[in-house]
Amino acid sequence: MKQVTLHIKEGRFRFFMELIKSLDFVTVVETGDSKEEVRANVRKGLNEVELIEAGKLKGRPAQRLLDEL
């Protein structure tokens with residue numbers, strides 16, 4: 001089996017995926033986070049912000065985060 005990596009414009013991605021999945025000789029391997037995982041991560045982040053603002057969780061300065069990168 002051969003593999004191909006493609007870069008597809010965001011606006012055409014959904015169309016391309018529908019097209020490629022209709023081919024019986026192609027197996028699509030999804031990579032990246034699902035919509036549910038993204039939503040869960042955003043909810044978790046917002047919850048952490050609320051806890052930091054309420055003083056129940058200690059945050060860290062943005063500069064320290066940038067220094068770590």
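Colleague: How many salt bridges does the structure hold?

Modeller: Two. This is a predicted model, and side-chain atom pairs count only at pLDDT 80 or more.

Colleague: Where do Glu68 and Arg64 lie?

Modeller: Both are in helix α3, residues 62-68. They are four residues apart, which is about one turn of the helix. An α-helix has 3.6 residues a turn, so residues three or four places apart point the same way.

Colleague: And which residues do the shared partners join into one network?

Modeller: Arg60, Arg64 and Glu68.

Colleague: Are those three buried, partly exposed or exposed?

Modeller: Arg60 is partly exposed at 41% relative accessibility. Arg64 is partly exposed too, at 47%, and Glu68 has a relative accessible area of 48%, which also makes it partly exposed.

Colleague: Changing topic. Which residues form the positive surface patch?

Modeller: Arg14, Lys35, Arg39 and Arg43 form it.

Colleague: Which helix gives the largest share of that patch?

Modeller: Helix α2, residues 35-53, with three residues. Arg14 sits in helix α1, residues 13-21. With a relative accessible area of 60%, Arg14 is exposed, because the cut-off for exposed is over 50%.

Colleague: What span should α2 have, and what does the model give?

Modeller: The 19 residues of α2 should span 27 Å at 1.5 Å a residue. The end C-alpha atoms of α2 are 27 Å apart, so the two values agree.

Colleague: What follows α2?

Modeller: Gly55 follows α2, and the phi of Gly55 is positive, near 80 degrees.

Colleague: Back inside α2: is Glu36 buried or exposed?

Modeller: Glu36, which is found in helix α2, is exposed, with a relative accessible area of 54%. Glu36 and Arg12 are 24 residues apart in sequence, and their C-alpha atoms are 21 Å apart in space.

Colleague: What about nonpolar surface? Which residues make that patch?

Modeller: Val4, Leu6, Ile8 and Phe13 make a nonpolar surface patch of about 370 Å². Ile8 is in the segment before α1. Ile8 is partly exposed, with a relative accessible area of 30%.

Colleague: Now α1. Is Glu18 buried or exposed?

Modeller: Glu18 is found in helix α1 and is exposed, its relative accessible area being 56%.

Colleague: And Ile20, buried or exposed?

Modeller: Ile20 also lies in helix α1. Ile20 counts as buried at 19% relative accessibility, because the cut-off for buried is under 20%.

Colleague: How far apart in space are Glu18 and Asn47?

Modeller: They are 35 Å apart, C-alpha to C-alpha, and 29 residues apart in sequence.

Colleague: And Ile20 to Arg64, how far apart are those?

Modeller: Ile20 and Arg64 are 44 Å apart in space, C-alpha to C-alpha, and 44 residues apart in sequence.

Technical notes: Residues numbered from 1 in each chain as written. Predicted model: local features only at pLDDT ≥ 70, side-chain atom pairs only at ≥ 80, totals over all residues. Heavy atoms only, no water. Salt bridge = Lys/Arg side-chain N within 4 Å of Asp/Glu carboxyl O. Buried < 20%, exposed > 50% of the residue type's maximum accessible area, 1.4 Å probe, protein only. Helix = DSSP H or I, 4+ residues; strand = E, 2+ residues; numbered from the N terminus. Patch = residues over 30% accessible without salt bridge, like charges linked within 9 Å, V, L, I, M, F, W, Y side chains within 5 Å. Areas by Shrake-Rupley, 256 points an atom, 1.4 Å probe, with all protein chains shown as cover. Lys, Arg positive; Asp, Glu negative; His and termini not counted. Charge placed at Lys NZ, Arg CZ, Asp CG, Glu CD. Expected span 1.5 Å × (residues − 1).
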